[in-house]
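Reader: I would like a close look at a single part of this model. Please walk me through it in short steps.

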Amino acid sequence: MKEKVAVYPGSFDPITFGHLDILHRGLELFDKVIVAIANNIEKKALFTVEERKDLIRKSINGNDNVIIDSFDGLLVDYVKKVNAPFVIRGLRAMSDFEFEFQMASMNRNLNPHMDTLFMMTSKDYFFVSSRTIKEVAQFNGPVSEFVPEVVALSLKEKFQRK
Ligand code: ADP
């Protein structure tokens with residue numbers, strides 16, 4: 001039987017327990033999930049793509065069903081390239097919904113075979129985003145409740161150097 005593979009795209013700058021929760025739940029539905037870092041030059045990232053990949057790798061504890069990759073350009077083109085028409089996205093709030101609805105509709109318009117699956121955030125993580133984590137970490141606030149230890153350490157190092 002053909003393996004069911006989904007793409008989980010995002011910035012992952014850096015990965016949080018919110019992302020990991022969606023990823024693990026995605027793995028209940030698909031044989032493999034490709035965590036695909038969108039290399040968006042317009043979004044100024046704190047971590048390089050390689051650093052983000054490394055943090056994801058260290059956060060998933062050698063799970064062979066997770067593939068870590070990155071892409072430039074349109075998600076529809078990436079999805080075609082890897083031949084995985086299902087995309088997973090997490091929803092935290094109504095504000096996420098509006099943007100996600102537009103993106104999913106546009107993507108489906110560009111590629112009618114592509115489908116986006118939305119998963120509701122878990123109650124513990126609905127307020128967790130990479131952006132808020134960076135804001136807290138920047139001022140030495142505690143983030144270890146929301147990110148893996150390796151991410152918390154890397155955030156500390158990053159902001160110490162700045
Ligand atoms: P952010 O920078 O806002 O954390 P990303 O672009 O890295 O977002 O997110 C990739 C995907 O993961 C998006 O679908 C986003 O909605 C989802 N996501 C991020 N954080 C959470 C969370 N705490 N709970 C559920 N989904 C989340």
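Author: What follows looks at strand 2 and then at the aromatic pairs. The model is predicted.

Start with strand 2, residues 32–38. This strand is mostly covered: six of its seven residues are buried. It pairs with strand 1 (residues 5–10) in the parallel sense, over six bridges. In that pairing, Ile-37 of strand 2 stands opposite Gly-10. The chain gets from strand 1 to strand 2 through helix 1, and this β-α-β crossover is right-handed.

Strand 2 also pairs with strand 3 (residues 66–71). The sense is parallel, and six bridges are found. Here Val-35 has Ile-68 in strand 3 as its bridge partner. The path from strand 2 to strand 3 runs through helix 2 (residues 49–59), and this β-α-β crossover is right-handed.

Now the rings. The structure holds seven aromatic pairs. One of them joins Phe-30 and Phe-86: the ring centres are 5.8 Å apart and the planes meet at 45 degrees, so the pair is tilted. It links distant parts of the chain, 56 residues apart. Phe-30 sits in the loop between helix 1 and strand 2, while Phe-86 belongs to strand 4 (residues 86–91). Phe-30 is buried, at 10% relative accessible area. Phe-86 is partly exposed, at 36%.

Phe-126 and Phe-127 form an edge-to-face pair, with 5.2 Å between centres and 85 degrees between planes. Phe-126 is partly exposed at 48%, and Phe-127 is partly exposed at 44%. Together with Phe-146, these two make one aromatic cluster.

How values were computed:
Residues numbered from 1 in each chain as written. Predicted model: local features only at pLDDT ≥ 70, side-chain atom pairs only at ≥ 80, totals over all residues. Heavy atoms only, no water. Phe/Tyr/Trp six-rings, centres within 6.5 Å; stacked < 30°, edge-to-face > 60°. Helix = DSSP H or I, 4+ residues; strand = E, 2+ residues; numbered from the N terminus. Buried < 20%, exposed > 50% of the residue type's maximum accessible area, 1.4 Å probe, protein only. Pairing = 2+ DSSP bridges. Right-handed = clockwise from strand over helix to strand, strands pointing away.
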